[in-house]
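This report walks through one protein model, from a single strand pairing out to the whole chain. Keep the structure open while reading.

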Amino acid sequence: QVRLVESGGGLVQPGGSLRLACAASGRTFNINVMGWYRQAPGKQRELVAGISSGGRTNYADSVKGRFTISRDGDKSTVYLQMNSLKPEDTAVYYCLVNAGTDDYWGQGTQVTVSS
């Protein structure tokens with residue numbers, strides 16, 4: 001079992017920055033891919049960014065050049081640095097961790113971009 005705790009959401013003005021964090025605990029020894037998804041009201045959940053245990057990253061086209069995903073040294077915490085935020089980035093952001101054959105989701109953190 002892997003437990004996830006997300007932090008870092010909030011209200012920010014357009015053009016601002018936020019940093020999300022997702023800390024994993026429990027059976028973290030076999031964590032492979034970690035990632036961030038988001039879901040805006042009335043829309044489907046979509047992939048924002050992912051990072052493998054080897055450090056390979058991928059991003060949604062809509063966030064390339066603005067968001068950066070990273071993992072800490074022991075690979076149990078994943079971060080999402082979000083810069084140049086836009087109103088269309090407003091959503092609930094969820095952390096996803098793949099460990100072995102199981103996927104685990106965080107509780108979600110609200111990001112609101114508004115003036």
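## Strand pairing and core

Ser70 has Tyr79 in β8 as its bridge partner. The model is a predicted one. That pair belongs to the contact between β7 and β8, which run antiparallel and are joined by 5 bridges. The two strands form a hairpin, with 5 residues between them. In the turn, Lys75 has a positive phi of about 65°.

The bridge partner of Ala21 in β8 is Tyr79. Here β3 and β8 pair in the antiparallel sense, over 6 bridges. Ala21 in β3 in turn stands opposite Ser7.

**The open sheet**

Which strands make up the open sheet, and in what order? There are 4, and the order is β1-β3-β8-β7. The pairing is antiparallel. β1 (2–7) and β7 (67–71) stand at the edges. Each has a single partner strand, so one side of each is left without a neighbour in the sheet. On average, neighbouring strands of this sheet are turned by 15° against each other, direction ignored. As a general point, strands of a sheet pair through backbone hydrogen bonds, either parallel or antiparallel.

| Residue | Partner | Strand of partner |
|---|---|---|
| Arg3 | Ser25 | β3 |
| Ala21 | Tyr79 | β8 |
| Ser70 | Tyr79 | β8 |

β1 pairs with β3 (residues 18–26) in the antiparallel sense, over 6 bridges. Its side chains alternate. Val2, Leu4 and Glu6 point to one face and are buried.

**The enclosed strand β8**

Why is β8 described as largely enclosed by the rest of the structure? The reason is burial: 5 of its 6 residues are buried, so the rest of the structure largely encloses the strand. The cut-off for buried is under 20% relative accessible area.

**The nonpolar core**

The largest nonpolar core has 30 residues. Those with the most contacts inside it are Trp36, Leu80, Met82 and Tyr93. Several elements give two or more residues to this core, including β1, β3, β7 and β8 (77–82). Also among them are β4 (31–39), β5 (46–51), β9 (91–99) and β11 (109–113). Which strand gives the most? β9 does, with 5 residues.

Thr109 is found in strand β11. Is Thr109 buried or exposed? Its relative accessibility is 11%, so Thr109 counts as buried. Neighbours within four places in sequence aside, Thr109 is in contact with Glu6, Gly9, Leu20, Ala91, Val92 and Tyr93. Another, Tyr93, is among the residues with the most contacts inside the core.

Asp102 lies in strand β10 (residues 102–105). Asp102 is partly exposed, with a relative accessible area of 38%. Asp102 and Ile31 are 71 residues apart in sequence. In space, the C-alpha to C-alpha distance between Asp102 and Ile31 is 9.4 Å.

Ser84 sits in the loop between β8 and β9. Its phi is near 50°, a positive value in a residue other than glycine. Ser84 is partly exposed, at a relative accessible area of 40%.

**The whole chain**

How many helices and strands does the protein chain have? There are 0 helices and 11 strands. Along the sequence the pattern reads β-β-β-β-β-β-β-β-β-β-β.

The C-alpha trace spans about 40 × 25 × 20 Å along its principal axes. A compact globule of 115 residues would have a radius of gyration near 13 Å. The protein chain has 13 Å, which agrees.

Buried residues make up 42% of the 115 residues. The protein chain exposes about 6,000 Å², and carbon and sulfur atoms supply 46% of it. Take the contacts between residues at least 6 apart in sequence: 52% of them join residues at least 24 apart.

How values were computed. Residues are numbered from 1 along each chain as its sequence is written. This is a predicted model: local features need pLDDT of at least 70, side-chain atom pairs count only at pLDDT 80 or more; totals for chains, interfaces and linings use all residues. Side-chain values use heavy atoms; hydrogens and water are left out. Two strands pair if DSSP finds at least two bridges between them. Axes are lines fitted to C-alpha atoms, for helices over the stretch in contact, and angles run from 0 to 180 degrees between N-to-C directions. The radius of gyration is taken over C-alpha atoms; the globule rule is 2.2 Å times the number of residues to the power 0.38. Buried means under 20% relative accessible area, exposed over 50%, partly exposed in between (1.4 Å probe, protein chains only). Contact means heavy atoms within 4.5 Å. Accessible areas come from the Shrake-Rupley method with a 1.4 Å probe; for residues, only the protein chains shown count as cover. A nonpolar core is a set of buried Ala, Val, Leu, Ile, Met, Phe, Trp, Tyr and Cys residues joined through side-chain atoms within 4.5 Å.
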